[in-house]
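User: Could you walk me through reading a few features of a protein model? I'd like the general idea and then the case here.
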Amino acid sequence: MKKLLLSLFALSCIAASAQTFTNNGFTYRVNGTNTVELTAGDIKATTVDIPSTIVNDGKTYTVNSIGEKAFNYTKATKVTIPASVDSIKENAFDFNDIAELNLSEGLKYIGDYAFYGSNLTNLTIPSTVIKIDTDAFASSTSLATLTLKEGLKYINKSAFYHTAITSLTIPTSCDSIGNSAFLNCDQLKIVTLNEGLIKMGDGIFNGCI
């Protein structure tokens, strides 16, 4: 009997965590007692303002992550992400025309190819971000100004491959830069590396002037 009750409890937890619903063109998946992940966006919207909370069936949930491929190939040009979101997952906003991106303090992780091929011209990474993963902003060929704040620990391989940045300061909190992180940034002229950096991968600045 005890095993049966435990099994039923486990099944109910799985069912709750798998619950999905749609609100104002966004689809959400319940991923915790009071939290949800945004799993699909409105493909036609050009301005995307992610809410910090959402109500479904009378219950309020906090939006704490943007799911894999949630907005890839959408028409988004302006995106605002609230402080409630701590992770942006793989391919979340790749292959679209984002020219304005507002990331809030509270964000911790930016996943693989999250903003690949964007139209950004400037970008500020919040101080709460710990890791920028593989190809996160790669081939964002208009990205000319990049500000990395203290708090960042790790820049993974090809994270800013083939962007238009002209100068770069790595914060003292950053201890590791992956292979080819700034490969073919052919406008990059000034780089400042600070104490605290332990590991630099192969080809980080190949193709830079």
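Analyst: Asp57 sits in the loop between β5 (53–56) and β6 (59–66); strands here are DSSP runs of E with at least two residues, numbered from the N terminus. This is a predicted model, where local features need pLDDT of at least 70, side-chain atom pairs count only at pLDDT 80 or more, and totals for chains, interfaces and linings use all residues. Residues are numbered from 1 along each chain as its sequence is written, and side-chain values use heavy atoms, with hydrogens and water left out.

User: What is the phi of Asp57?

Analyst: Most residues other than glycine have a negative phi. Asp57 isn't a glycine, yet its phi is positive, about 50 degrees. Lys69 also has a positive phi, near 60 degrees, and its place is in the loop between β6 and β7 (78–81).

User: Is Asp57 buried or exposed?

Analyst: The cut-offs on relative accessible area are under 20% for buried, over 50% for exposed, and partly exposed in between (1.4 Å probe, protein chains only). Asp57 is exposed because its value is 74%, whereas Lys69, at 47%, counts as partly exposed.

User: Which residues have the most contacts inside the largest nonpolar core?

Analyst: In soluble globular proteins, nonpolar side chains tend to be buried together. A nonpolar core is a set of buried Ala, Val, Leu, Ile, Met, Phe, Trp, Tyr and Cys residues joined through side-chain atoms within 4.5 Å. The largest one in this model has 52 residues, and Ile88, Ile110, Ile132, Phe137, Ile155, Phe160 and Phe182 have the most contacts inside it. Strands that each supply at least two of its residues include β2 (26–30), β3 (35–40) and β11.

User: What is Phe137 in contact with?

Analyst: Read contact as heavy atoms within 4.5 Å. Setting aside neighbours within four places in sequence, Phe137 has among its partners Leu101, Ile110, Leu123 and Phe160. Leu123 is found in strand β11 (residues 122–125) and is buried, with a relative accessible area of 2%. With sequence neighbours within four places again left out, Leu123 is in contact with residues including Leu103, Phe137, Leu143 and Phe160.

User: How far apart are Leu123 and Phe95 in sequence and in space?

Analyst: Here you compare sequence separation with a C-alpha to C-alpha distance. Leu123 and Phe95 are 28 residues apart in sequence and 17 Å apart in space.

User: And the other end of the accessibility scale: where is Val191 found?

Analyst: Val191 is in strand β17 (residues 190–192), and it is partly exposed, with a relative accessible area of 33%.

Methods
Helices (H or I, at least four residues) and strands (E, at least two) are DSSP runs, numbered from the N terminus.
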